[in-house]
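Keep the 3D view open as you read.

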Amino acid sequence: MEKFVQIEKVGQTFETKKGKFVALRDIDLTLRQGEFVALIGHSGCGKSTLLNLIAGLTTPTTGVLLCDGREIAGPGPERAVVFQNHSLLPWLTCFENVYLAVERVFGQKEGKAKLKERTAAAISLVGLDHASSKYPHEISGGMKQRVGIARALSMEPKVLLMDEPFGALDALTRAKLQDELMKICEKTQATVVMVTHDVDEAVLLSDRIVMMTNGPAATIGEILEVNLPRPRARLELAHDAAYIDCRAAVLKFLYEKQAHVEKIAA
Amino acid sequence: MSTLTISGDLAGALPVDRSTQNAPSGDCTSNPPAQAVKETMMEKSATPSAVESGTPLAEHLNALGRLVMPPVLGLLLLIGIWYVATLSGGAIPGPVKVWDAASVLFADPFYNNGPNDLGIGWNVLASLERVGIGFGLAALVGIPLGFMLGRFTFLANMINPIISLLRPVSPLAWLPIGLLVFQKADPAATWTIFICSIWPMIMNTAQGVQRVPQDYLNVARVLDLSEWKVVTKILFPAVLPYMLTGIRLSIGTAWLVIVAAEMLTGGVGIGFWVWDEWNNLKVEHIIIAIFIIGIVGLLLEQALILLAKKLTKESS
Ligand SMILES: Nc1ncnc2c1ncn2[C@@H]1O[C@H](COP(=O)(O)OP(=O)(O)OP(=O)(O)O)[C@@H](O)[C@H]1O
Ligand SMILES: [Mg+2]
């Protein structure tokens, strides 16, 4: 399969007041086009840092990142980001927040009516038609996160980078959006990198699960292939032997091999 | 009288209420208690409304009192001290004398006996006009400059030393330069206002731009927005509160400086008026002018605070 995103020998060091802090080291990872990859690891291990590198929001201290054969030199709308803290602009309504993105990506080719249609479609995809004209401070945390998702999806990106997009959602909405996301990915063939803490979510959605070791100087610990046929149905999977094995493997990595974070916290 | 009867009825109603609650279980309720219930219900529905309309009004008055009382007391104290201090006579006139002079002055604030003898209203308006023009020009230059300084580090590193050097200079030191360049008193005064109001606007705007949350800028970067969109959709709304602070500080300084500038340049204006009255030895008028300057300054400040509140509410 074609290599679409290549991460080669990437390391990230931050300059802090206490000196250098090595967040990531020796990250080697290749994503195929249309692949869904979950990044999982304990809090603070460097998942957001890695996602920001792929987004181009930060540049690596060592190594190189490529997308579609070209070096990632900065951010761009073909690599959309759903931020961990939603990052909606508080002075724009939900509609305007999404419209800003739609206008940027499609404004050259399409008329206003079509742009508005796209915006409305993206908002209704995440089930927020009723909140379209509300300001971010007037809606719940989960709703804000959904607007953030709508904004990213509306751009029809080649690579979709999501930092715990469903973290703030209730179980029902989360399940609904996961199903929605699977359909969208199948349709658009987007390459997705999704940071998550949720083992079930990772197994349900991913083709591969990238498990990271604890920081500092975190790197990729294991990569698990999830060989479950698509389309996947969550209810049937619950009793599927392969699904249960994958789940067990991830849990084992997190809570046996990389458990020391938990011990320190306790 | 009436309160007594109500409380009596309420006291009597209590056991009746209980009996009506039990009514479904025991069907032997007789007529008289039921009537009593109806009556007390009517009483009850009447009493709360009376109480409701009473307490909020009282509370309002209370709150108003708490708000107004301290400033009024403070003002009275000031006037009291002033009165006592001037009782024994001397150069400074007492409150009564000043009040009398003010009554005469404000009877016709907009008289016009030629350019050298204008009413107090005209003088205040002339000063406000100078402040308005000088300040407006400063905003026109200072706000965009602040945006650029906040956005481009190179430019900031280039201009910041100049600002640090010039900012501490008293605006009045710029007056001779203005007189030299413009050859006229009026634009020279406006120029002084321009110089003194531009610094807070540049600095606050630049600071606001630098403090725009990284999250918003990341959104702009991921979307790869044009510089124009970044300014209008992200920077401007995020910086607006800082900008308004800069504007408020500028107006305050401008109003401080205009009085001094006009004393030096002459012509029409509240500052010049003060100087004129000093030459005429009308000390009452100087004291009146001090009050006017204070009140106008206060109004300007309050108007801008109000504007800031309104704008930031709309944008957040
Ligand atoms: N700009 C920065 N400067 C210094 N240290 C940083 C910076 N950004 C991140 N770090 C450090 O790098 C490490 C990884 O942070 P990161 O935000 O990537 O964690 P994460 O895996 O996303 O955690 P979480 O699951 O809690 O979101 C942390 O120890 C963090 O303190
Ligand atoms: Mg994170």
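**Starting at the mixed sheet**

Strand S3 (residues 36-40) and strand S9 (residues 208-212) of chain A run parallel and are joined by 4 bridges. Helices (H or I, at least four residues) and strands (E, at least two) here are DSSP runs, numbered from the N terminus, and two strands count as paired if DSSP finds at least two bridges between them. To find this pairing on screen, click on A:Val37, whose bridge partner in S9(A) is A:Arg208.

Before going further, a word on what you're looking at: this is a predicted model, in which local features need pLDDT of at least 70 and side-chain atom pairs count only at pLDDT 80 or more, while totals for chains, interfaces and linings use all residues. Residues are numbered from 1 along each chain as its sequence is written, chains are lettered from A and ligands numbered from 1 in the order in which they are written, and side-chain values use heavy atoms, with hydrogens and water left out.

Now zoom out from that pair. S3 and S9 belong to an open sheet of 6 strands in chain A, ordered S6-S7-S8-S3-S9-S10, with mixed pairing. Strand S6 (79-82) and strand S10 (220-225) of chain A are at the edges with a single partner strand each, so one side of each has no neighbour in the sheet. On average, neighbouring strands of this sheet are turned by 15 degrees against each other, direction ignored. For angles like this, axes are lines fitted to C-alpha atoms, for helices over the stretch in contact, and angles run from 0 to 180 degrees between N-to-C directions.

Helix H4 (residues 141-154) of chain A packs on this sheet, touching S6 and strand S7 (159-163) of chain A; contact means heavy atoms within 4.5 Å. The direction of H4 makes about 175 degrees with that of S6(A).

**The antiparallel sheet**

The other stop is an open sheet of 4 strands in chain A, in the order S2-S1-S4-S5, with antiparallel pairing. Its edge strands are S2 and strand S5 (70-71) of chain A, each pairing on one side only. S1(A) and S2(A) form a hairpin with 2 residues between them, and 10 bridges join these antiparallel strands. Two places to look are A:Gln12, which stands opposite A:Leu24 in S2(A), and A:Ile7, whose bridge partner in S2(A) is A:Leu29. H1(A) packs on the sheet, touching S1, S2 and strand S4 (62-67) of chain A, and its direction makes about 120 degrees with that of S1(A).

On to S4(A): 5 bridges join it to S1(A), again antiparallel. Here A:Val5 stands opposite A:Cys67.

**Around the ligand**

What surrounds ligand 1? There are 14 residues in the shell, and A:Ser43, A:Gly44, A:Lys47, A:Ser48 and A:Thr49 are the closest; a residue is near if one of its heavy atoms lies within 4 Å. A polar side-chain atom of A:Ser43 is 2.6 Å from an oxygen atom of ligand 1, and a polar backbone atom of A:Gly46 lies 2.9 Å from an oxygen atom of the ligand. Strand S1 (3-16), strand S2 (19-32) and helix H1 (47-55) of chain A are the elements that give two or more residues to this shell. H1(A) gives the most, with 3 residues.

Methods. A polar contact is a pair of N or O atoms within 3.5 Å; within protein, one must be able to donate a hydrogen and the other to accept it, and residues adjacent in sequence count only if both atoms are side-chain atoms.
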